[in-house]
Every structure is written in structure tokens, then in C-alpha cells.
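Let's walk through this model together, starting with a sheet and then stepping back to the whole chain. Keep the structure in view as you read.

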Amino acid sequence: MKYYIIAGEASGDLHGSNLMKALKQKDPDAEFRFWGGDLMAAQSETLVKHYKDLAFMGFLEVAKNLRTILNNIKFCKKDIKKNKPDVLILIDYPGFNLRIAKFAKELGIKVVYYISPQLWAWKEGRVEIIKKYVDEMMVILPFEEDFYTKHGVHSHFVGHPLLDAISTLENVNAENFKAENGLNEKEIIALLPGSRKQEVEKMLEMMLSVRPYFKEYQFVIAGAPSLPRDFYEAYVDDNVHFVSNKTYDLLRCSKAALVTSGTATLETALLNVPEVVCYRGSKVSYAIAKRLVKNIKYISLVNLIMDREIVKELIQNDLNTKNLVEELKKIIEGEKRSQMLNDYELLREKLGGKGASEKAAEVILKV
């Protein structure tokens, strides 16, 4: 079969690559054409556009780049019409993908959504678009199945694909990792400031403000594959280091982590690293988001899945040096650290174990 896949972010590239791998095992004649990143490109050479050309964050940035976004949508529609895939697979990225779903459905192409947009948080009205234009919805969070049932949409809970990605990791030795990456012997506090230039610039300065209070540790920045190495050079010195494309290894060698809200909060938890979740957007974007997001108590996936506070979330004005220092101290040693690690075990159980990519591939083949 001919598969057309659209992933617009780094996390979508990861999950898309594992899905492609599973599809190739089940369909020897699989042909792919996709929007994604380097991981998906390792599975097939037919990359149409890289996600780094698609990732616009926040209301203001989207407004500034509206012409580019509209041109990308126009180009995507032409490309789908020209290549006539058997099935269109959409991975999250709803602002773009829901427009493409409508177009593809009207052409008679089967449409599958893998990794639901977070409609339970905001823009709930988009469920009606999914009802009309999506043939199969596959969800990766346990509570999403109930959400779609409430709205009369059949969905499949396939489990979380991060468990697949993490289960295949080889063991990492902390001392070897430090030596190979020019790090010193101190224990590591990992900094995950995000994947987009705008958010990294906002978050890194705040994260690094805790350094005077943790002189016995070294801080290591996890570089995003979408950003060049020289972008991070302004933040690096004798006790602040940088590694690129090694986030999972870095986390597994770290004592604790400061993490910008997003998929990375769940990755950090599944790798068993105590964390503090950080988020600060522009005043305008945050004010708009606060009005639009309804009935959501948390911003991190860890807390949302467990429906209680497992990891501390420092948002907007609460994200300051004093609070960061206080919360980081709690998770480096003591009762809070032990409790968080115990809760991570319960989190893994709730996500249903590995096998999401294989289950998703089976659903797609049935379509």
C-alpha cells in the first residue's frame, strides 16, 4: 500500500518512524511519502518537508508566519492529489492536519489519525471535524478513549509509543557518557528547554539561574535536532555543557532534570528521572491560552495521565529562581524524590505497556 504520513514536530517524527517500522514488517509492499524528520527519513527516503520548516509556536508566531503556513497547506494538497496514496496517516499537529484530513477525505482517500490532538484541553469543537473526515482515530492516553466515546466517535487506545521507543534503548554507562561528551565528574542536572528557538531562548536563562545554588553539580543542555550547535554556544561555559541528539542517554545519566512542558515531561518520567516542569509563554499567548483551555488542572502529561500532581509545574510567574531552587532541592534527595520514583512506576502501568506501534499498524491495515 501507499502511505502518506504527516508529522509536524520532533515527537511526531519519533512516533512516525516507529510506526513506519511496524508497517514495513506487516506490509512488505509498503511505500511511504511523508512530512517529518531525520528519524522517519531513516525508514524511507521520500521526505517531502522537514518538520523544522513547519514548527511555529504560539499565537503571535503563527500570525507572523501565516503566509508560509498557508503555502505549506496548498503544497501538501497538491502533493497528495498528485501521488494518490491509499491512506493518509496524520500524527497530532491539528491546525495543519485537520485541514488536510478534509481535503483527503473529499478525494476518497482513507484518513487515519494517530496520536490525537489535545481536544480535551481546548478547541473541543474540532471533534465534529474528526467525525466527518477521519475514518479511524487511534489514541495513546487512557482518558482520551472516554473523551471520544462521550462525543460519539469510535477510537482505539493503542498504548503510548514512547514505551516502545524506550524499551529498545541499549544500556548507557554514566562515566563513559561523561568522558565521550567532554563532561566533568560531577553529577548531572539535565536541562530540556524545548525544541523551538523562541521557547529555548525564554527557558534557558531561567533554568540556568539556579546554578549558584547547585555548585556541586554540572548542568547539561539537551540540544534540539532542529537547532544548530552554535545557537547554544552563548549558554555554555566550564560548568554548563551541551549535547545534541543524545537526550535519552543524557537523562539516564542525570540526577534530576528541569523540563519545558511538552512530550519531554513524559519522556523524562518514563526514563525514571525526577523533574520539575517549567513553562513561560508571552503574556499575550498565555492570556489567550488561559481563556481557551477548559477544565484542565495540569499542563504536564505526567500529571494529566495520573490525574494528580506527580511532578511540580512552575508556570508563568511561578517560574522564578526561588521556586526552581526550592523544587529542585526536593527532588535531588529525600522523600519527594522517592515518592516521585514510586509514582513513575504507576504511570508506566497506566499507559498499558509497549506495543503501540504494532497495534497502530494493525488498525491501519484493517482500514
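Start with the open sheet of six strands, which has the order β10-β9-β8-β11-β12-β13 and parallel pairing. Here strands are DSSP runs of E with at least two residues, helices are runs of H or I with at least four, and both are numbered from the N terminus; two strands pair if DSSP finds at least two bridges between them. At the edges sit β10 (240-244) and β13 (312-315), each pairing on one side only.

Now look at β8 (residues 187-192) and β11 (residues 254-260): these run parallel and are joined by five bridges. Across this pair, I189 stands opposite A256 in β11.

This is a predicted model, in which local features need pLDDT of at least 70 and side-chain atom pairs count only at pLDDT 80 or more, while totals for chains, interfaces and linings use all residues. Residues are numbered from 1 along each chain as its sequence is written, and side-chain values use heavy atoms, leaving out hydrogens and water.

Stepping back, you can count 17 helices and 13 strands in the chain. Its C-alpha trace spans about 60 × 45 × 40 Å along the principal axes. Of the 367 residues, 51% are buried, meaning under 20% relative accessible area with a 1.4 Å probe and protein chains only (exposed is over 50%, partly exposed in between). Two cysteines belong to the buried group: C76 and C278, because C76 has 0% relative accessibility and C278 has a relative accessible area of 0%.

How many disulfides does a search of the whole structure find? The search finds zero, taking a disulfide as a pair of cysteine sulfur atoms within 2.5 Å.
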